[in-house]
Amino acid sequence: MHNIDKSVVQEFLERQIRDWDTAKNNYEALKHVKVKEFELNGSTVKVQFNPARIVSSAAKVDAKSLKERKCFLCEANRPAVQEGLPWEDYTILVNPFPIFPKHLTIPANEHTPQLIAGRISDMMKIARVLESYVVFYNGPKCGASAPDHMHFQAGNVGFMPVGRWIAKAHLRSVLRVGDARLSVVDNVPQSCFLIESASVDSGSRLFKRLYDALTVPEGETEPMLNILCSYESGIWNMAVFPRKKHRPDCYFEEGDGNILISPASVDMGGVFITPLEKDFEKITASDIQNIYDEVCIGRDEVEAICSKIN
C-alpha cells in the first residue's frame with residue numbers, strides 16, 4: 001500500500017488502540033501522565049513522567065543483550081494483534097508504549113542495523129506521507145532501543161517545543177545546495193543544525209554534506225546523532241542534533257545522584273521522559289541543561305563542523 005493518507009493512518013491508529021489491550025491501556029494512561037515545564041534561557045522544556053517508557057529508557061543495547069533477545073520489530077516476533085500498514089520497504093506500526101497521543105514506529109521490512117546513511121530520502125518521503133507528524137531517527141547509541149533493526153518513529157506535530165524554539169531562534173546560514181539551506185540554530189538549549197528544503201534531492205544532498213562532516217566515534221559505524229523531520233506547505237524541516245555521548249553520568253549514578261534518563265530525539269526536541277516518579281519529582285532545569293551539555297556536542301565542535309563543510 002503506497003497511497004496512505006491521514007485518514008487511513010488515523011483509522012489504523014484508532015483500530016489498534018481499540019483492539020490491542022497493551023496499546024489501549026498505555027494510550028489511556030498517557031492521558032493522565034504528569035507533566036511539568038522549565039525555562040532554559042527562554043526556551044520551554046517539558047518533563048513527562050511516563051512509567052511505560054521504562055521499556056525503552058532502561059533497554060539493554062549492548063551486543064550480547066541484543067543477540068540474546070528476539071527483535072520486537074521483525075514481523076515474525078510481533079504480537080499477532082499488532083497490525084501494520086505497508087509503505088514501500090517499511091511498515092507503519094502503532095507504538096504500544098507512547099510518548100505522543102499519536103505515536104508510530106516505522107521499521108524497515110528487512111532486519112538490518114540502525115543506520116541513517118542512504119535513508120534520509122526515505123525519512124523525508126515518510127514525513128510527507130505523515131504530514132501531521134514529526135518523523136524522528138535515533139542513532140544506535142542515541143536512544144534507539146532496537147539498534148539492530150532500522151526504524152523511524154513519528155509523533156504529533158506541535159507536541160515537542162523544539163519547533164517553537166527554532167521559530168524564534170537566530171538561524172546562521174552555513175551552506176546552500178539547490179533549494180536547500182543548512183543553518184546553525186543559535187540560542188537554543190543544545191547544539192542544533194537545521195536543513196530547510198523544497199525537494200527530497202536537495203535536502204538529502206545537503207544532509208550528506210553535514211553527515212560527512214561529523215565525527216564517527218572509534219568502533220562505531222556512523223556519527224552519533226538524532227534527527228527530527230517534518231513537512232509542511234511544500235517545505236521539509238530537518239533538525240539535526242549531533243551527539244558525543246549515549247547516556248549521561250546521572251543514568252549510572254547510585255543513590256540520590258541517579259536519574260534514569262536515556263536521551264533520544266524526543267528529549268532533544270524538548271520533552272524529557274522520566275519513567276521513574278522519583279526522577280520526575282526531583283529533576284531541575286539545571287539537571288536538564290547539564291544533560292544537554294554532557295551528551296550534545298559543544299559550540300567549538302559546531303564551528304569545526306561548519307569549517308569542514310565550507
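User: Before we start, buried means under 20% relative accessible area, exposed over 50%, and partly exposed in between (1.4 Å probe, protein chains only). So what is the relative accessible area of Phe100, and is Phe100 buried or exposed?

Analyst: A quick note first: this is a predicted model, where local features need pLDDT of at least 70, side-chain atom pairs count only at pLDDT 80 or more, and totals for chains, interfaces and linings use all residues. Residues are numbered from 1 along each chain as its sequence is written, and side-chain values use heavy atoms, with hydrogens and water left out. Phe100 counts as buried because its relative accessible area is 0%.

User: How many aromatic pairs does the structure hold?

Analyst: Rings of Phe, Tyr and Trp (its six-membered ring) pair if their centres lie within 6.5 Å; planes under 30 degrees apart count as stacked, over 60 as edge-to-face and the rest as tilted. On that basis, the number of aromatic pairs is 10.

User: What is the angle between the planes of Trp87 and Tyr90?

Analyst: These two rings form a tilted pair, 6.2 Å centre to centre. The angle between the Trp87 and Tyr90 planes is 35°.

User: Which residue has its charged end over the ring of Phe159?

Analyst: Phe159 is buried, with a relative accessible area of 18%. A charge sits over a ring if NZ of Lys or CZ of Arg is within 6 Å of the ring centre and within 35 degrees of the ring normal. Here, 5.6 Å from the ring centre, that is the charged end of Lys46.
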